[in-house]
Amino acid sequence: MTRRFLFVLGSSRTGGNTESLARAAAEQLPADVEQRWLSLAEHPLPDFTDLRRDADHVRPPAEGTPALLLDATLAATDIVIASPLYWYSVSGLTKRYLDYWSGWLRTPGVDFKATLAGRTLWGVTALAHAEPEVADPLIGTLNHTAAYMRMRFGGVLLGNGSGRGDVLNDTDALARAKTFFAQEPPLARFPHEV
């Protein structure tokens, strides 16, 4: 299968440190690998309503952000969540996108979980702490999401930066970015499965 990367930008602003680090990693992908970049700030999702027990799920109308993101997600072999570290986890925009996965799991005719099984989830984040452990909740969110979906998990590329462009001074992060997508990620596992 030809690899198709979907970069889901979860920052509320463009050109931030997380996006810069994701773009540095994406520059290393082979030229024949398709890349699609979608900003959740530019394509805002409405509040997610959990209808698990209250109503039938239907596929979103062909127009609009939910359909755009569903179709892009289903088409990707590799999904990269590029979310800044907000309060030690993913951004609100990113969390809302992942909440929509709950609805897509129950949408007739989509086979969301079966389609994503075996594909790869990656993460990229910038944090303003010297201690990378503060990103553990974000890493856990993405790992557990991949484990539930039976996806592979490529881990999270961490960079340090608070002010705009600071991550470009993080030479260790830029060095990791050069080989980040070159690895062969394992199937994700919950901690109790290891």
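Trainee: Which residue of strand 3 stands opposite Leu9?

Mentor: Leu9 stands opposite Ala82 in strand 3. Strands here are DSSP runs of E with at least two residues, helices are runs of H or I with at least four, and both are numbered from the N terminus. This is a predicted model, in which local features need pLDDT of at least 70 and side-chain atom pairs pLDDT 80 or more, while totals for chains, interfaces and linings use all residues. Residues are numbered from 1 along each chain as its sequence is written, and side-chain values use heavy atoms, without hydrogens and water.

Trainee: How many bridges join strand 1 to strand 3?

Mentor: Two strands pair if DSSP finds at least two bridges between them. Strand 1 (residues 4-9) and strand 3 (residues 78-82) run parallel and are joined by 5 bridges. Strand 3 also pairs with strand 4 in the parallel sense, over 5 bridges; there, Asp78 has Thr120 of strand 4 as its bridge partner.

Trainee: In what order do the strands of the sheet come?

Mentor: The order is 2-1-3-4-5, in an open sheet of 5 strands with parallel pairing. Strand 2 (34-39) and strand 5 (152-160) are at the edges with a single partner strand each, so one side of each has no neighbour in the sheet.

Trainee: Which side chains of strand 3 lie on each side?

Mentor: In a regular strand, side chains alternate between the two faces of the sheet. In strand 3, Asp78, Val80 and Ala82 lie on one side and Ile79 and Ile81 on the other, all buried (under 20% relative accessible area with a 1.4 Å probe, protein chains only; over 50% is exposed, in between partly exposed). Because 5 of the 5 residues are buried, strand 3 is largely enclosed by the rest of the structure.

Trainee: What do the buried residues of helix 2 pack against?

Mentor: Contact means heavy atoms within 4.5 Å. The buried residues of helix 2 pack against strand 1, strand 2, strand 3, helix 3 and helix 4 (112-116). Among them are Leu69, Leu70 and Leu74. Since 8 of the 11 residues of helix 2 (residues 65-75) are buried, this helix is largely enclosed by the rest of the structure.
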